[in-house]
Amino acid sequence: LGAILAFIGMAFPALAIIYRLLFSKSKTQLRVELFMAEALTIIFGVCLALITGIGGPGQKVGDLYYGSWFAFLASLVSACSLHEELRKLTAVHHVVCNSSSEEESKKSQNTQYLKMEGALT
């Protein structure tokens, strides 16, 4: 089980790096990276509980104890950073879309008003 989790812990970041190098930054890319970061955070959280819990090999404070906590916190910070980046990208997209639709609605209102003015004269 430990070897499988270690492989996943190395494969996910490697895939994220390759994906980021090959493709431009998009919402889909950030969502994939966020999914992998969240999966790693869950895996490291479970491993942290098993390793540093009562009867675990890292129960005493030492390299394994600190390494387990560092891996968990690093994955948590990475997931939070990606979540914030995705939120900002989505917020910018909504502002751009809202401004363009507001401009179009103003144009259509002005056009309707001008049509009514033309009908009166």
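Predicted model: local features only at pLDDT ≥ 70, side-chain atom pairs only at ≥ 80, totals over all residues.
Local features are reported at pLDDT of at least 70 and side-chain atom pairs at pLDDT 80 or more, whereas totals for chains, interfaces and linings use all residues. Residues are numbered from 1 along each chain as its sequence is written, and side-chain values use heavy atoms, with hydrogens and water left out.

View 1. Leu 48 lies in helix 2, which spans residues 27-52; helices here are DSSP runs of H or I with at least four residues, numbered from the N terminus. Leu 48 is buried, with a relative accessible area of 7%, where buried means under 20%, exposed over 50% and partly exposed in between, using a 1.4 Å probe and protein chains only. Not counting residues up to four places away in sequence, Leu 48 touches Gly 53, Ser 68, Trp 69 and Phe 72, a contact being heavy atoms within 4.5 Å.

**View 2. Gln 29 in helix 2.** Gln 29 is also found in helix 2, and it is buried, with a relative accessible area of 1%. When its neighbours within four places in sequence are left aside, Gln 29 is in contact with Tyr 19, Arg 20, Phe 23 and Ser 24.

**View 3. The two aromatic pairs.** The structure holds two aromatic pairs, defined by ring centres of Phe, Tyr and Trp (its six-membered ring) within 6.5 Å, with planes under 30 degrees apart counted as stacked, over 60 as edge-to-face and the rest as tilted. Tyr 65 and Tyr 66 form an edge-to-face pair, 5.6 Å centre to centre with 80° between the planes; Tyr 65 is partly exposed at 23% relative accessible area, while Tyr 66 counts as exposed at 53%. Trp 69 and Phe 72 form an edge-to-face pair, 6.2 Å centre to centre with 80° between the planes, and both lie in helix 3, three residues apart, which is about one turn of the helix. Trp 69 is partly exposed at 33% relative accessible area, whereas Phe 72 is buried at 18%.

**View 4. The largest pocket.** About 240 Å³ of space lies in the largest pocket, a pocket being an open set of points on a 1 Å grid over the protein atoms alone, with protein on both sides within 12 Å along at least five of seven lines, and its lining residues having an atom within 4 Å of a point. The volume is the space filled by probe spheres set on the points, which are joined across faces, edges and corners. Of the 15 lining residues, Pro 13, Ala 16, Ala 37, Leu 40 and Ser 78 lie nearest the centre of the pocket.

How values were computed:
Helix = DSSP H or I, 4+ residues; strand = E, 2+ residues; numbered from the N terminus. 1 Å grid on protein atoms, 1.4 Å probe; cavity = no way out; pocket = protein on both sides within 12 Å on 5 of 7 lines; lining within 4 Å.
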